[in-house]
Structure formats: structure tokens, C-alpha cells
Amino acid sequence: MSRPTLALVGATGAVGTVMREIISSREDIWGEIRLVASPRSAGKVLRVRGEDVVVQALAPEVFDGVDIAIFDVPDEVSAQWVPLAAERGAIVIDKSGTFRMDPDVPLVVPEVNPHDARNRPRNIISTPNCTTLSMMAGIGALHREYGLRELVVASYQAVSGAGVAGPARLYDEVAALAGDRTIGQAAGDVRKALANKLDGESPFPAPIAFNVIPWAGSYKDGGWASEEMKLRNESRKILGIPDLKVSATCVRVPVVTTHSLAVHARFEREITVADAHRVLEAAPTVVLMDDPANGVWPTPADVVGTDPTYIGRIRQAMDFPNTLDMFVCGDNLRKGAALNAAEIAELVAAEL
């Protein structure tokens, strides 16, 4: 039996680079792997599975004979090319936000709702935003036993969530301000110092070095940021709870990679810290780091470059029944992006 052909669209980007690493390190179930990107990247030679592969320009014919295609491209590119790839016979796993809320496109996290991947009337499967993904393995495991009813989340999002320009800007700002121990002691001094030392536009609406920014994404009605709306809407769809109460505040922080979330979760049934430990210790892609008396909890510096969801600081909410507070970390380029798509692709490939 021949092995399926896989196309990676957006193979030269930040997530595409991680995707190639993940595909190369996991069980090799693939036949041909095609690397696809914009015309300006066509002809580049990149490594995947220990082989040199020439990048092809995005065009209709690159999907001929492709069984599964993973897209990591901007929304407008997905809107144009994902349906075309599906029409050519590929099962498409799309990482953009274009199809996430389409009722005919499943939004899948394999640890939570793998069965949804089989119901794909448009031949498209969507993957969640990296912020939602960072908490979903743990929250999904707890929901199965105790019935989630409400989520209040504050996210602390790494700059790599803004694409390759995010880390570049953080490194530039840190280099520009390094050694000046007067910075951060007067209103506006960081902004003024950067204006004098850095040229070019920033992907962020405020300085990111020596700062946090209470905004991630684009403006939505009522003053909400798009990242906050994604977290609400995607959590409802993945968990199958259309009336789940969710409120989120998304904050950009000066961390290169790995999102963190402070989660306040209310359940239908009584749940204790010991209950949560039992459930999370049994969850195969969750690592419990919860011994605060001895300084054990997850931080981005400990998590970056790894695949699991890390959870700690679990405690019973003092004034809210059936409610736990916890701190969650997950690498937004791995589990929060590339790994989830690779896991869905493996799930689908097993059916072919």
C-alpha cells in the first residue's frame, strides 16, 4: 500500500520551519513531501526527513496527487487557495482563521475532539489559534470529567505569535536599550529612546521591550481584540459547548516563544485540586508542574522548544464554587501551531 503524499504550504515561514522539524522527528508515515511557498521562495532547497527538497511556487498543479495539504499562510491566501486544493482532491488542514468558524469545517484538537476530523463536508479541517491551543489539552481533559461552564482567561502572549517580525522587533529593541539603566523610570522614556535609535515600523502598537501591551490582534466591536474573540469562539466550538461563558484579556509580553495563560475555570460538578492533579497526570500531552511551596511551576523559559502543555499553580478559587485557578504554558510555534496540524494530518492519514 502506497504512503500518502503530503504538501506543506508556507514551508519557509516561522511555523513552516517548525513543521519541517516536527515532520522529520515523528514517525515517518509519508511518501512524497512537497514544500510549497510564494513565488519569491520557489527554487529554495530545504531539508525535511534528512532530504533536500526544492520549494515549489504555489500553483493549482502542485496539489495534483496530494492526499493531505497543511496550509500555514495568511487568511487571504487561505481563502483563495484552500478551496482550490480541496477541489483538486487534497484533504486540507488549514492553520489560518479563515475557516475556523465555518459550520462545515471542523475545528480540531486531537486530544479533545478527534472524531470531528471525520466530518469534513468541504474536505477542510481547521486548527485553532495558538492561544486557544495552549490551554485546550488540559481544559479539555478536565471538561470531560467535570463539565466546564465558564472560563475567564488572561493570556501572556509571546512576540513570535505576531510572525517573524515579532522576535526581530523585540531583539532590536532590547539591543537598542541594553546598558541604559535609566530606562523604564519615567513615563514615555522607552518610547522616546526607541524613536531616537530605531527606524522602521513595529508590528506592535507600543514598545515591547521593558513593557507589556494589553492588546493582541485587530479591533473588534465593543473594544475587544480579535485574539480575545478567537479564544471565546474557538473554545466553544472545540469543546462542543455553544453557550460556554468566556471572557478573555490578551496581553503581549517580551517573551520570544511560548504563550502563558492564567485560567479561571468553573465546572458543573465539584472539583478539587487533587481531582485536577489526577486528571491532568493521566492526560498524555500534559505535564503537571505544581509544587508552589518548592517553587515548581511552569514558565516560558522552561517550556520553549517542547511539545506538551504545562500546567501549575492549581488552586481552589476561594470565593467561587466548583472553580479552579491555574497557570498554563505552551510553545505557540509547536503545539500551538505546527504540532497540532501534524497530529491532525496523522489522524487523517490513518484513515486513508
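In this predicted model, the side chain of Arg100 makes a polar contact with the side chain of Glu234, at 3.2 Å. A polar atom of the Arg100 side chain also lies 2.8 Å from the backbone oxygen of Lys95. Arg100 is placed in the loop between β7 (91–94) and β8 (124–126), and with a relative accessible area of 6% this arginine is buried. Once residues up to four places away in sequence are set aside, Arg100 touches Lys95, Val105, Leu107, Ser126, Thr127, Pro128, Asn129, Lys230, Glu234 and Lys237.

Strand β2 (residues 33–37) and β5 run parallel and are joined by 2 bridges, and the bridge partner of Val36 in β5 is Gln56.

Ser25 lies in helix α1 (residues 14–25) and is exposed, with a relative accessible area of 56%. Between Ser25 and Val48 there are 9.4 Å from C-alpha to C-alpha, and the two are 23 residues apart in sequence. Arg49 is found in the loop between β3 (45–48) and β4 (51–54). The side chain of Arg49 makes a polar contact of 3.0 Å with the side chain of Asp28. Beyond its neighbours within four places in sequence, Arg49 is in contact with Arg3, Ile23, Ser24, Asp28, Trp30, Gly31, Glu32 and Ile33.

Another open sheet of 6 strands has mixed pairing and the order β10-β9-β11-β14-β13-β12. Here β10 (245–252) and β12 (286–288) stand at the edges; each has a single partner strand, and therefore one side of each lacks a neighbour in the sheet. From one strand to the next, the twist averages 20 degrees. The pairing of β9 with strand β11 (residues 259–267) is antiparallel and extends over 8 bridges, with Leu151 standing opposite Ala265 in β11. Helix α3 (residues 130–146) packs on this sheet, where it touches β9, β11, β12, β13 (309–316) and β14, and the direction of α3 makes about 25 degrees with that of β11. Helix α6 (residues 226–239), in turn, lies across β9, β10 and β11 and runs at about 140 degrees to β10.

A search of the whole structure finds 3 aromatic pairs. In one of these, the rings of Tyr156 and Phe327 have their centres 6.3 Å apart and their planes at 40 degrees, so the pair is tilted. This pair links distant parts of the chain, since Tyr156 is in strand β9 (residues 148–157) and Phe327 is in strand β14 (residues 323–330), 171 residues apart. Tyr156 is partly exposed, with a relative accessible area of 32%, and Phe327 is likewise partly exposed, with a relative accessible area of 22%. Trp215 and Tyr219 form an aromatic pair that is stacked, with 6.2 Å from centre to centre and 20 degrees between the planes. Within this pair, Trp215 counts as partly exposed at 24% relative accessibility, whereas Tyr219 counts as exposed at 59%.

Helix α4 (residues 165–177) has 13 residues and reaches 18 Å from its first C-alpha to its last, which is close to the 18 Å expected at 1.5 Å a residue. The buried residues of α4 are Gly166, Pro167, Arg169, Leu170, Glu173, Ala176 and Leu177, and what covers them includes α5 (189–197). Gly179, which follows α4, has a positive phi near 90 degrees.

Methods
Residues numbered from 1 in each chain as written. Predicted model: local features only at pLDDT ≥ 70, side-chain atom pairs only at ≥ 80, totals over all residues. Heavy atoms only, no water. Phe/Tyr/Trp six-rings, centres within 6.5 Å; stacked < 30°, edge-to-face > 60°. Helix = DSSP H or I, 4+ residues; strand = E, 2+ residues; numbered from the N terminus. Buried < 20%, exposed > 50% of the residue type's maximum accessible area, 1.4 Å probe, protein only. Polar contact = N/O pair within 3.5 Å; in protein donor to acceptor, adjacent residues only side chain to side chain. Contact = heavy atoms within 4.5 Å. Expected span 1.5 Å × (residues − 1). Pairing = 2+ DSSP bridges. Axes fitted to C-alpha atoms, helices over the stretch in contact; angles between N-to-C directions.
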